[in-house]
Protein chains: 2
Amino acid sequence: MISTRTKIIAAAVRCLRNNQSDTLEKIAEEAGVSRRTLHRYFENREDLIESCKNEMLVSCNKAMTTAYASDKDPIKKIRNMLFAAIEQGANYSFVKRIYERSNFSDLDRKKEFESDNVKSKWLKTINELQKAKRLNTELTTPWIFNLFGSIIETAIYAVESGDVAKNDNKNFAWISFKGAIGLKE
Amino acid sequence: MISTRTKIIAAAVRCLRNNQSDTLEKIAEEAGVSRRTLHRYFENREDLIESCKNEMLVSCNKAMTTAYASDKDPIKKIRNMLFAAIEQGANYSFVKRIYERSNFSDLDRKKEFESDNVKSKWLKTINELQKAKRLNTELTTPWIFNLFGSIIETAIYAVESGDVAKNDNKNFAWISFKGAIGLKE
DNA sequence: GAAATTTGTCTCAATAATGTGACATTTTCT
DNA sequence: AGAAAATGTCACATTATTGAGACAAATTTC
């Protein structure tokens, strides 16, 4: 049975990633709960957003850490991390948006993300491949990192908007990412 | 000399693409103008956003139409359209976000974008390349279209966040886009 | 099925954002 | 310089959103 708290957080994530200014009323409605109940679980909007951020970071990190550990081959590690992130859907989008915005204003949050060990695992693997000349040497790591994130978002969005069939989704993303960084399998 | 109206619209575009819920106060400040003046030019928030949307659509379409016409070679057409969009910076991001959100809620706006002749020119060119088997046949056109947009955003964002040098920007985007769709030059 | 817990409804106060009028000040144009 | 236009300042009404109390209704737990 899903707890009310979880329902509210999930609803908030779905709402807020599209429209940061959605009212608590709307979030409560999306969660199938009265606004009064939402207020019982979260002191205010900031508290709610903070909770979403924390839960979603945990959720995404967990999924990607598992994916990282699922295979020995560095290429498969990266591929499975990509797939895991896509499967996170709205959760991933939410985290990404929070992180993006923080980049220009909230340095603490950026640091928090930078020091995140999922990112360092990802970087380690990419560097490994770079050193082995298995990907395009013209591109820098920060570019590849940004690209990775945006291809994930594209895949999530493409399914939601109905542009791409759910089956093709991850496949397209992987083909494109491989090509984009010139990965030699 | 830049007109007040233009200053306000530019400021609104910069603010709103990051944070849809920025106050008119903040937008006025960003434009270096009092809130009272902003209200003299725009009846209300909706009017302002509508104006931004229209102006930015015109700006982006113009830049990309020029780029399209700048060369006969289909590949160079696409490349120059990519570059033009990246150069639009905040303007392009703003339009893209408006369009994205509309996808789920505002069908009129979607139609408006769909019927846009810049998009049809782009599609025509991509189809041409697809028929000539000059790009990966596994991918669908809608996927490629989404990818095109998100690589542009990645390039814009990468420079703003300081992750990628301004010189490398367009180059990286083009290398990655080519690779992502398996384009054979 | 009774008690305890959770949630909903209704209400109201506090706050923040918005929109506008009146008038002063500044800028622009000639 | 002086008129005309644009902008700023301040004040105020309106509105939307938020947050919480009081109690009823529903749900869970034992």
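This is a predicted model: local features need pLDDT of at least 70, side-chain atom pairs count only at pLDDT 80 or more; totals for chains, interfaces and linings use all residues.
Residues are numbered from 1 along each chain as its sequence is written, chains are lettered from A and ligands numbered from 1 in the order in which they are written, and side-chain values use heavy atoms, with hydrogens and water left out.

Back to the domains. Domain 1 of chain A covers 1-42 and domain 2 covers 54-180; those bounds come from an automatic or database domain assignment. Their C-alpha centres lie 26 Å apart. Seven residues from domain 1 and ten residues from domain 2 make the contact, meaning heavy atoms within 4.5 Å.

How many salt bridges cross this interface of domain 1 and domain 2 of chain A? The rule finds two, a salt bridge being a side-chain nitrogen of Lys or Arg within 4 Å of a carboxyl oxygen of Asp or Glu. Elsewhere on my list, R17(A) forms a salt bridge with E160(A), with the closest N and O atoms 2.4 Å apart.

Over all chains, the structure holds 18 salt bridges. Another one joins E87(A) and K170(A), where the closest N and O atoms are 2.3 Å apart. That pair links distant parts of the chain: E87(A) sits in helix 5 (residues 74-88) of chain A and K170(A) in helix 10 of chain A, 83 residues apart. Helices are DSSP runs (H or I, at least four residues), numbered from the N terminus.

Now some rings. There are ten aromatic pairs over all chains; rings of Phe, Tyr and Trp (its six-membered ring) pair if their centres lie within 6.5 Å, and planes under 30 degrees apart count as stacked, over 60 as edge-to-face and the rest as tilted. Take F148(A) and F177(A): the ring centres are 5.2 Å apart and the planes at 65°, so this pair is edge-to-face. F148(A) is in helix 9 (residues 141-160) of chain A and F177(A) in helix 10 (residues 166-180) of chain A, 29 residues apart.

Last stop, the two chains. Chain B and chain A bury about 3,300 Å² between them, 59% of it on carbon and sulfur atoms. Each chain's share of the contact is 34 residues. And the salt bridge count between chain B and chain A? It's zero. On the side of chain B that touches chain A, helix 9 of chain B gives the most, with eleven residues.

Definitions and conventions: Helices (H or I, at least four residues) and strands (E, at least two) are DSSP runs, numbered from the N terminus. Buried area is the accessible area (1.4 Å probe) that two parts lose on being put together, summed over both.
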